[in-house]
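Look at the sequence and the structure below.

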Amino acid sequence: MAGKIYCYLAGDHERLDALLERAVSDPENIDAAAYAQFRSGLLKHIAMEEKVLLPAAQRLRGGEALSIAPKLRRDHGALTALLVPSPTASIVAAIRAILKFHNPIEEDPGGVYAECEKLAGTELERILNELKNYREVNVLPHVDNPFVMEAARRAVSRAGYDLKL
């Protein structure tokens, strides 16, 4: 049975997936408003995991990080880098490819969300409230230049993905 942290964060994955689908429903014309909501939502979701969930798990494990935390952080770095340039078909395809492998690590039975739920114990409500009340993140305008694209390629490669950008 899925717990409260799982339901909240997996539900946010579903919301983000729907926004991305809406943004690219017409492959010839990306819906800028829907993509902007997806972008800010994904950045906030990553921040919630990086600033609340993973640190709480590490603290509750006596200072030892989850063994999967470095992989999650590399994925988060790649996703964040892909959100800097304006969306293109190849960038959206790369985001989808990473999320296809990333989300199950968090959501599958015995995954990160279930493990964090188990670790939380009596702190579950406090952690959940911190996640639910996490502030909106400041989102800067897109930057489109060769340096940004090369940085995105490096971040994607560091995360272990061989994707064309």
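What volume does the largest cavity have? The volume of the largest cavity is about 70 Å³. A cavity here is found on a 1 Å grid over the protein atoms alone, as a set of points where a 1.4 Å probe fits but cannot get out. The grid points are joined across faces, edges and corners, and the volume is the space filled by probe spheres set on the points. The model is predicted, so local features need pLDDT of at least 70 and side-chain atom pairs count only at pLDDT 80 or more, while totals for chains, interfaces and linings use all residues. Residues are numbered from 1 along each chain as its sequence is written, and side-chain values use heavy atoms, with hydrogens and water left out.

Counting cavities of 30 Å³ or more gives 2. Lining residues are those with an atom within 4 Å of a cavity point. For the largest cavity they are His13, Leu16, Asp17, Phe38, Leu42, His45, Ile46, His76, Leu79, Leu99, His102 and Asn103. Two or more of these residues come from each of H1, H2, helix H3 (69-82) and H4. The element that gives the most is H2, with 4 residues. Sorted by class, this lining has 6 nonpolar, 5 polar and 1 charged residues. In this sorting, Ala, Val, Leu, Ile, Met, Phe, Trp, Tyr, Cys and Pro count as nonpolar, Asp, Glu, Lys and Arg as charged, and the others, Gly among them, as polar.

The second largest cavity has a volume of about 30 Å³. Around it are Ile5, Leu53, Ala56, Ala57, Leu60, Cys116 and Ile127. Here too H2 gives the most to the lining, with 4 residues. The lining of this second largest cavity has 7 nonpolar residues, no polar ones and no charged ones.

Now consider the protein as a whole. There are 7 helices and 0 strands, where helices (H or I, at least four residues) and strands (E, at least two) are DSSP runs, numbered from the N terminus. Along the sequence the pattern reads α-α-α-α-α-α-α. The radius of gyration is 16 Å, close to the 15 Å that the globule rule gives for 165 residues, so the protein is as compact as a globular protein of that length. This radius is taken over C-alpha atoms, and the globule rule is 2.2 Å times the number of residues to the power 0.38. The C-alpha trace spans about 50 × 30 × 30 Å along its principal axes. Of the 165 residues, 42% count as buried. Buried means under 20% relative accessible area, exposed means over 50%, and partly exposed lies in between (1.4 Å probe, protein chains only). Contact means heavy atoms within 4.5 Å. Among contacts between residues at least 6 apart in sequence, 77% join residues at least 24 apart.

Next come the aromatic rings. A pair of such rings is described by the distance of the centres and the angle of the planes. Rings of Phe, Tyr and Trp (its six-membered ring) pair if their centres lie within 6.5 Å; planes under 30 degrees apart count as stacked, over 60 as edge-to-face and the rest as tilted. The count by this rule is 2 aromatic pairs. The ring centres of Tyr6 and Tyr113 are 6.3 Å apart and the planes are at 75 degrees, so this pair is edge-to-face. Because Tyr6 lies in helix H1 (residues 4-23) and Tyr113 in helix H5, the pair ties together parts that are 107 residues apart in sequence. Tyr6 is partly exposed, at 23% relative accessible area, whereas Tyr113 is buried, at 0%. In the other pair, Tyr35 and Phe38 have ring centres 5.8 Å apart and planes at 45 degrees, so the pair is tilted. Tyr35 and Phe38 are 3 residues apart in helix H2 (residues 32-60), which separates them by about one helical turn. Both are buried.

His13, one of the residues lining the largest cavity, lies in helix H1. His13 counts as buried, at 4% relative accessibility. Leaving aside neighbours within four places in sequence, His13 is in contact with His45, Glu49, Asn103, Glu106, Glu107 and Tyr113.

Two loop residues complete the tour. Val143 is in the loop between helix H6 (124-132) and helix H7 (146-158), and is partly exposed at 35% relative accessible area. Not counting residues up to four places away in sequence, Val143 touches Val84, Pro85 and Val148. Asp108 is in the loop between helix H4 (89-107) and helix H5 (112-120), and is partly exposed at 41%.

How values were computed: 1 Å grid on protein atoms, 1.4 Å probe; cavity = no way out; pocket = protein on both sides within 12 Å on 5 of 7 lines; lining within 4 Å.
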